[in-house]
Amino acid sequence: MLPYTTYLIDLDGVIYRGNELLPGAKEFVSWLEKNRKKYLFLTNNSFATAEQILVKLERLGISSDHAHLLTAGQAAVQNIARRLPQGIVYVVGEQPLIDLVKSYGLTVANIDAREADAVLVGLDRDFDYAVMTYAMNAVRSGALFVTINRDPVLPIAGGFIPGCGALAAAIEVASGVTPEVVGKPEPMLLQEAMHMLSSQPDETVMIGDGLQVDILAGKHAGTHTLLVLSGSNSKEDLEKSLIKPDHVYENLADLMKELTQEPSSTP
């Protein structure tokens, strides 16, 4: 089935690992550009801004731009903006997320607002009882409840801090309402990506390193799936898993061997 018209690509474990560019990544992006493929880098990250991710890619030797990157935060905001144009959003998050909400023509509710059209939860290191109370009451009053991801913790130097999934869980328990989840393995991030690219699932492949996150997200969204073994999961994990991708490669360098292979001539 390779090649496809549209490629949705996870970053960590596929393009880079930490501060190391992974084999074949630069060549793969060049191939996408040369062959005019539609593609987006996707990330569940609710902490790093799009600008920070693009700077990291540039530092590792891959030049990209906002047209080829979609974070779960961006997907959440553009989904809310499409459903609730010029709506009022209670943001549980930090300044970059607040700025992103405003950039889509939405109004950010005051921190002590009692009503809003939507409650959006991202990482918020100033989260407290008052914020939880106002967010809970907005949800109980009928506000759309959206969380960027369900990650319970966020790894940092020396340990972990609560992730936005932990904050959303507190509001969920208090309000009795389950939030819509944007990040993988839920399908919304991929659906927003395909909406941006005017692509359909049957022409799209999700490339990732995690069976329970990336590959499952692709299956939920109805796309084709491709697992690389350069990140979270190993061949042994794949053998034990009930989640089976359509394609498996060691890394993007291994994928490139197939994509650039000359077709055999018919005798």
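Is Asp10 buried or exposed? Asp10 is buried, its relative accessible area being 9%; here buried means under 20% relative accessible area, exposed means over 50%, and partly exposed is in between, using a 1.4 Å probe and protein chains only.

The views below come from a predicted model, in which local features need pLDDT of at least 70, side-chain atom pairs count only at pLDDT 80 or more, and totals for chains, interfaces and linings use all residues. Residues are numbered from 1 along each chain as its sequence is written, and side-chain values use heavy atoms, with hydrogens and water left out.

**View 1. Asp10 and Lys184 meet in a salt bridge.** A salt bridge is a side-chain nitrogen of Lys or Arg within 4 Å of a carboxyl oxygen of Asp or Glu. Side chains of opposite charge can pair when their charged atoms come close. For Asp10 and Lys184, the N to O distance is 2.9 Å. Asp10 belongs to strand S1 (residues 6-10) and Lys184 to the loop between S12 and helix H7 (188-197), so this pair ties together parts that are 174 residues apart in sequence. The names S and H follow a simple scheme: helices (H or I, at least four residues) and strands (E, at least two) are DSSP runs, numbered from the N terminus. Lys184 is buried too, with a relative accessible area of 6%. By the rule given here, the count comes to 8 salt bridges.

**View 2. Lys235 and Glu250 form another salt bridge.** Their closest N and O atoms are 3.7 Å apart. The pair links distant parts of the chain, with Lys235 in helix H9 (residues 235-240) and Glu250 in the loop between strand S15 (247-249) and helix H10 (252-259), 15 residues apart. Lys235 counts as partly exposed at 45% relative accessibility, and Glu250 counts as partly exposed at 40%. Elsewhere, salt bridges that share partners join Asp10, Lys184 and Asp214 into one network.

**View 3. Glu20 and Arg17 make a salt bridge of their own.** Here the closest N and O atoms are 3.9 Å apart. How accessible are these two residues? Glu20 is partly exposed, with a relative accessible area of 40%, and Arg17 counts as partly exposed at 41%.

**View 4. Five parallel strands form an open sheet.** Follow the order S7-S6-S8-S9-S12 across the sheet. Two strands pair if DSSP finds at least two bridges between them. The edge strands are S7 (107-108) and S12 (180-181), each pairing on one side only. Strand S9 (residues 144-147) pairs with S12 in the parallel sense over 2 bridges, and Thr147 stands opposite Val181 in S12.

Which strands does helix H4 touch? Helix H4 (residues 95-103) packs on the sheet and touches strand S6 (88-92), S7 and strand S8 (118-121), where contact means heavy atoms within 4.5 Å. The direction of H4 makes about 165° with that of S6. Helix H5 (residues 129-140) lies across S6, S8 and S9, running at about 145° to S6. Axes are lines fitted to C-alpha atoms, for helices over the stretch in contact, and angles run from 0 to 180 degrees between N-to-C directions.

**View 5. Strand S13 is enclosed.** In S13 (residues 204-208), 5 of the 5 residues are buried, so the strand is largely enclosed by the rest of the structure. In a regular strand the side chains alternate between the two faces of the sheet. Both faces of S13 are covered: Thr204, Met206 and Gly208 are buried on one side, and Val205 and Ile207 are buried on the other. S1 and S13 run parallel, joined by 4 bridges, and Leu8 has Met206 in S13 as its bridge partner. S13 also pairs with strand S14 (residues 224-228) in the parallel sense over 4 bridges; the partner of Ile207 in S14 is Leu226.
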